[in-house]
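I opened the notebook to record what I looked up in this model, beginning with the metal site and moving on to the fold.

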Amino acid sequence: MTADRAHAYEEAVRARVAAARLWAAHRAPYLASAVFALNPVILEPALDEDTGAPVADPGFRAFPADTRWNLYVEPGTALATPVEEIGWWMLHQVGHLVRGHAARSPVRPEPGHEVSHAAGAARDEEAHRWNQAADAEINDDLEAEELRGPAGVLSPAELGLPAHRTAEEYVPMLDVLASAMGRGGRALAEAIDCGSAVDGQERTYEDGGPGEGLTRLDRDLLERSIAAGIQDRVSARGELPSGWRRWAEERLRPSVNWRARLGAVIRSGLSTVAGQVDFSYRRPSRRAGAYAGIVPPSMVRAVPDTVLVIDTSGSVTNDVLNRLLAEVTGIIDGVAGPGRRLRAFCCDVHPHPVQLVRRASDIELVGGGGTDLRAGIAAAMALRPRPDLVVVLTDGETPWPEQRPPAQVVVCLIGDGGHAPGWASVARIPSKGES
Ligand SMILES: [Zn+2]
């Protein structure tokens, strides 16, 4: 291909992307600033050997994004896709980005090179399901705006799934549905990869990329301005998809809504774990054998096992911790059933011995001095049976593990300072008074 010809293709691709942006901003004006914040990265085209023209690669049909708001445009795909459809995918990818699907993803980074073929396949399956569930959460709101997706794209309404649920809630529903449809020889929807924006796992085509895109601060400011724009529109006319309204409310009023937010993140952590449905035989317990002669192979839901890690360094007061512990254990009881025993660690620079308790008030708060929650989280992960969900109560003035531990982690971040790692779900809790 001559340089001239390559240039002509790139011009044509850029023109289509620009037209798609205008279409998307026009169809969903409340997301216009988000659509214009997307940074299109044009990939190398795959060329037809005979004609030299770019060939569409179906792996890129979703115009995948990464968490820095780069939108990867494969030239053959862009030239073969109608402008409206590219615009639809832009709105869809904005949905993954602002709803933090990458941070919420249950998919873990590949653990070095020891991963077996079977484990790799299971991980791919999990990643694929999470992508579909996240798509269901977004497409729901797009459909509410008469923005129907392209053929083959997952539609909650068409699948008969309940509306306005979160990705975490859609995962177990899709598992059951996919299994039922699989027995009939049908697939749920086409396998579509929306990129690392949906699960935080870097893709090969991001390698050596321009490293451009938005910083964390840029993203934070952008999300606030999108949320503020949505709130303005709601107060002016009130016609917006409910998912976007809820998102904007949460984004702008985290402290007022902290109880709802805390409940939502803990429940979603528990339901993600509970959603890991096991269709195999489970070894019947002795007790089950007493009144059940036959144990059919059935869908068994794992009961999520939760461990609390409590920052008892000098900077967090016991008053605040006691209030928060009551809230947290109340929420866990509500989901997992009351009276279940919980394991809890107090942690300052070292984890103190594990406590097995029934109620928040049974936890003895011991500790003081500095904080290193890495040790507390490591101790929680070393427990057997290993916990499915770790709930951390802290002011965030601590170093964190660099890698996501092999469990769901919810951080209850007390006060206005401190920070939580990108791989955890976070609820910010005011340090004083009731609100
Ligand atoms: Zn998607």
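This is a predicted model: local features need pLDDT of at least 70, side-chain atom pairs count only at pLDDT 80 or more; totals for chains, interfaces and linings use all residues.

**Metal site and fold**

Residues are numbered from 1 along each chain as its sequence is written, and side-chain values use heavy atoms, with hydrogens and water left out.

I then went to the zinc ion, which is coordinated by His92 (NE2), His96 (NE2), Asp135 (OD) and Cys194 (SG), at 2.0 to 2.1 Å. Donors here are N, O and S atoms within 2.8 Å of the metal (3.2 Å for Na, K and Ca), and because water is not among the atoms, sites may look incomplete. The spacing of the donor residues in sequence reads H-x3-H-x38-D-x58-C. Asp135 lies in helix α6 (residues 117–144) and Cys194 in the loop between α7 (167–183) and α8 (196–199), so the pair ties together parts that are 59 residues apart in sequence. Helices (H or I, at least four residues) and strands (E, at least two) are DSSP runs, numbered from the N terminus. I checked Cys194 as well, and it is buried, with a relative accessible area of 0%.

For the protein as a whole I noted 14 helices and 12 strands, and buried residues make up 47% of its 435 residues.

Next I followed an open sheet of 6 strands, which has the order β9-β8-β7-β10-β11-β12 with mixed pairing; two strands pair if DSSP finds at least two bridges between them. Its edge strands are β9 (355–357) and β12 (425–429), each of which pairs on one side only. Within this sheet, β10 and strand β11 (residues 408–414) pair in the parallel sense over 6 bridges, and Val390 stands opposite Val409 in β11.

Which loop holds Asp388? I placed Asp388 in the loop between α14 (373–382) and β10 (389–394). Asp388 is partly exposed, with a relative accessible area of 25%. I also recorded that Asp388 and Leu270 are 118 residues apart in sequence and 8.1 Å apart in space, C-alpha to C-alpha.

Definitions and conventions. Buried means under 20% relative accessible area, exposed over 50%, partly exposed in between (1.4 Å probe, protein chains only).
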